[in-house]
Structure formats: C-alpha cells, structure tokens
Amino acid sequence: MNMSAPLDDLRQQINALEIQTNDMDPSPIEWGRWLDQMKAYTDDFLIDTRDGPAYRQPPVGLKQENYPFHLSETGVSLSEVLSEMHQMVDYSGLNPASGGHLAYIPGGGVLPSALGDLLAAVTNRYAGVAFANPGAVALEHFLIRWMTELFGFPATTGGNLSSGGSIANLIAITTARDARQVKPSAYERLVIYGSERMHHCLHKALRIAGLGFSPLREIELDDRQRMIPEALEVQIIQDKTDGLIPFLIIGSAGTTDTGSIDPLDALADLAERHSLWFHIDAAYGGFFYLVPEFRSRLSGISRAHSLVIDPHKGLFLPYGTGAVLIRDIHQLHASQYYQANYMQDAAMADLGWSPADLSPELTKHFRGLRMYFALKMFGIDIFRNCLKEKIFLCQYFHLAVQDLGFEVGPDPELSVTHFRWAPVGNPDHNAVNRRIMDLVHADGRVFLSSTTLNGQIWIRFAVLSFRTKFRHISMTLELLQQVLNQLSEND
Ligand SMILES: *Cc1c(COP(=O)(O)O)cnc(C)c1O
C-alpha cells in the first residue's frame, strides 16, 4: 500500500540537497561580480608586471608545508581567495609574465589565450574524442595543420597539442620506438644519438619509454655547441659494425643552454643514409621559423620524422601548450591508440582522427582554444614581428654587454646568449659570476639565470617574453654596471 514511501523519502532528501547545492551554479549577476573582481585583480597584476620587478625574493625560511593554505567546510568569498593568491603566489618569486624575465626560456602569456581558457573552462567542451565534439577536435587538427604547413611537413602529418614540450617529446620518442618495431629485448641495442646540450626532458622521455638502458651517444660539439655531423657518422658506422642498431638521431633547434642549432640538414642526410629516425626538439627555437629572415638558420627542420614545438614559448601562450608533429600520422596512431569497451560509440563513429588516439591523454584541457584565440585575434604578422624584435634585442644586448667589459659566447643564433665576468688576474671566475648572479637576484628588476659550460659558469640572457622591450635591455645593462661598481668597491 505504501509503495511510494521510499520514493517520497528519497525525493525529500533530494529536494533538500538541491537547495544546499544550488550555489554551485551562480546566477549571471554573481558570475558578473566574480568577473569584475578578476578584472580588478588582473589589472593590478598587469600594472605591477609592467612597472614592478621581475623577481621578488620569496618569504625567507617559509617551508612549502608551512604556507598557510587551508580548506574548510564552508566556502569563502572570491576576494578572500584573491588576496590569498596575491600574498602567497603572485607577489613574490619569479614573475614569468614580466618583460624582465630573461632567464631559462621565458614565455609570457598573451591575454587572448586567457579568454580562450576562460571559455574552455566555462563550456568544458570535450576535445579528446571527435565523437564528443567534432568542432573542438577539428579546431585542434586545424592548428596541427597550420603548424604542418608552417614547418613544411607533408600532408600525411599528424600531431597533438600537449601540455608542453616534455610530453610532446615523450610522444615523439615512443612513436619512434614503436615505428622501429623491435621487441623490448632488443631495446638495449637501440642506439640513440644526441648531444650533451639536448634538453633533459629527452633523457626523461627515453627512460619512461623503456629506452633508459639503450646506448645514448653524446656526439662531439663544435665551438658553437652544435653537433658535428662527421663525428656522428663515424659513431653510427662503428655501432653498426659492433652489431648494435642505430635508431634515433635527436637534433636540437635552439638548445636551452646556449640557443645553438644543430646542423639539421646534415643530420637529416645522415638519418636518410643510415635509415634512422630523425627527431628535432625545437621547443625553444621552432617558431622563429615564422620570421622569413631567420628561416635559413633552421633549414632542415622540414625533414624531421618528428618535431616538437612549444607554443607556450615561441607563440607566447600561457604555460600548458606544447605540440608534436609526426610525419606519418599512422605511426603516431599505431603508438598511441587505445580501445575500450566503454568507448565503443566513439570508436564506431567515423569522424576522423581523435586526439585521444594520438597521445597518452584521453580527457584533456581544450587547449586549442587558447592558441586559436591568440592567433585569430592578433593575426600572424604581429607574432612574426615580435619574434624578430626578440632576436634583435638579444643581438643588441650581446654587443652592448661587451662594452661593459664582459666576455661573451658566440653571436646568438636566435634570442639566447651567454656572458661572464672574466677579468685577467682573477683566478676564480666562477665565484665572481656566482656573486654577480646573487646581486642581480637581490635587485630583482630583471631576472637572469646561469649555466655551466665546460666547467665554467656563464650568465644566460634569454629573450622570449612578448613583453620584453628595449627598456628591459637598458635596465639590464644599467643593473650590470651597478653590480660591477659594487664588486669593485668591495675589492
Ligand atoms: C623548454 C624546453 C623543453 C621542455 O618543454 P616544456 O614545455 O618545459 O615541457 C624541451 N626542449 C627544449 C629545447 C626546451 O627549451
């Protein structure tokens, strides 16, 4: 008689829960207030980014686990969250959005991408599987095609928008491994050729791909830190003679340390002649290919089997976007596809390639939007000019820092150069350059990093933030002059 009692009871509880959870979907008015507050916060941030230092020392002695972050059962206002962000995150440390960020490989974060991210988060479109959102997937493939054409790759090319260069390199390495079709028992005989200057994420990728015990040959470099092709060929022939399986050449188009570009054409010739896979890591340097005057420096880039580029570097997007191109999409697919019973609807619909079959990720951020918004709203030409400006700024610095008395490395190939204070008569150059770094960091107006080349500490100067302008170069030179004065006072 009372069949509906359980239903009624459930219904009442559901009603109560509905009231308790309504706030998860704020009204348009509330949403508008949030956006206004975000606008005010980001305005302040951008003003500080323009006029403030690139680096503020983080709170001294505050350990990770002692940051006063906490969660509670009831929520707090957005303004409370934002003030926490300001104090704990956005105020100190390195500001990578600053034009004074001249360390590592700077990025930036153009604002149209922030709009794309906002839309991606609000609409939450599914960009992993074509069946779920053909348009989102078509947009990603369109961007891959845009890069395919830019880098002169063939129409058979496939690719993926990844979270960054590291994952993009991992996808390329696993694809190369799988394309070789050897059993894991032969992995220890697969030989990889790279250089001492190649990015550490490639070592990581090789290890994750099960190739950590494969012989890795670091080929001899010339005086500009570029692989010497003749030395590479000698090594390949030797390895063949020794019964090993030469397999993969990894070239860098702009090394992180020195911005050096390996002789890509010569490496491609060797890969062809000896039937090796040719991978190029152009995470830093790739997008300079947009600038016609500098294209020839990257000549040979079109001949890779796999290519990694990082839109969050050379296209100034916010962090979280890398890209990989594989010359033959079938090889990429054979390496990365999946099948699962619960995905059968998606698999049956013949809608073309899905990113989930071309990368390790299934569900992913709709990162195509941030790239599309930036390219679409700004147009391509401004990126070209901005990249060219970065090259000229670096060239200017490279010349001007010599006038201050610094020793410099070779002329920059792209937008990274290095220099050091090496006065005759001072035996410990490393100590003095470490001291210079400390003084530069303590000042904070600009942020530089250092590296060790052949046992010597060098200060790096890397321009790749779209916000870096001539005034940042002047500021850096001024600061270095001050630092030198300070050093000589202390002598
Ligand atoms: C930055 C960089 C990487 C790694 O890319 P992430 O986007 O940081 O993961 C790889 N190679 C080179 C040459 C780089 O400059």
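## Pockets, ligand and cavity

Helix H2 (28–51), strand E1 (55–56), helix H3 (78–90), strand E2 (93–94) and helix H4 (111–123) each give two or more residues to the lining of the largest pocket. Helices (H or I, at least four residues) and strands (E, at least two) are DSSP runs, numbered from the N terminus. A pocket is found on a 1 Å grid over the protein atoms alone, as an open set of points with protein on both sides within 12 Å along at least five of seven lines, and its lining residues have an atom within 4 Å of a point.

Before going further, please keep in mind that this is a predicted model, in which local features need pLDDT of at least 70, side-chain atom pairs count only at pLDDT 80 or more, and totals for chains, interfaces and linings use all residues. Residues are numbered from 1 along each chain as its sequence is written, and side-chain values use heavy atoms, with hydrogens and water left out.

Back to the largest pocket: H2 provides the largest share of its lining, 11 residues. The lining has 38 residues, and Met38, Thr42, Phe45, Leu111 and Ala114 lie nearest the centre.

The ligand takes up the space of the second largest pocket; a molecule counts as sitting in a pocket if more than half of its atoms lie within 2 Å of the pocket's grid points. Of the 29 residues that line this second largest pocket, Ile105, His199, His200, Thr256 and Lys313 lie nearest its centre. H6, helix H7 (200–208), H10 and strand E12 (449–453) each give two or more residues to that lining, and H7 gives the most, with four residues.

Volumes are the space filled by probe spheres set on grid points joined across faces, edges and corners. For the classes, Ala, Val, Leu, Ile, Met, Phe, Trp, Tyr, Cys and Pro count as nonpolar, Asp, Glu, Lys and Arg as charged, and the others, Gly among them, as polar.

| Pocket | Volume | Lining by class |
|---|---|---|
| Largest pocket | about 1,100 Å³ | 24 nonpolar, six polar, eight charged residues |
| Second largest pocket | about 570 Å³ | seven nonpolar, 14 polar, eight charged residues |

Now for the ligand itself. Its shell holds 15 residues, with Gly165, Ser166, Asp281, Asp310 and Lys313 the closest; a residue belongs here if one of its heavy atoms lies within 4 Å of the ligand. Helix H6 (165–180) and helix H10 (311–314) each supply at least two residues of the shell, and H6 gives the largest share, three residues.

Polar contacts are pairs of N or O atoms within 3.5 Å. Ser166 has a side-chain N or O atom 2.6 Å from an oxygen atom of the ligand, and for His312 the corresponding distance to a ligand oxygen atom is 2.7 Å. A polar side-chain atom of Asp281 is 2.6 Å from a ligand nitrogen atom. The protein buries 85% of the 380 Å² that the ligand exposes when taken alone, with accessible areas from the Shrake-Rupley method and a 1.4 Å probe.

Finally, there is one cavity of 30 Å³ or more, a cavity being a set of points where a 1.4 Å probe fits but cannot get out. The largest cavity has a volume of about 80 Å³, and its lining includes Arg224, Gln225, Asp411 and His418.

Technical notes: A polar contact is a pair of N or O atoms within 3.5 Å; within protein, one must be able to donate a hydrogen and the other to accept it, and residues adjacent in sequence count only if both atoms are side-chain atoms.
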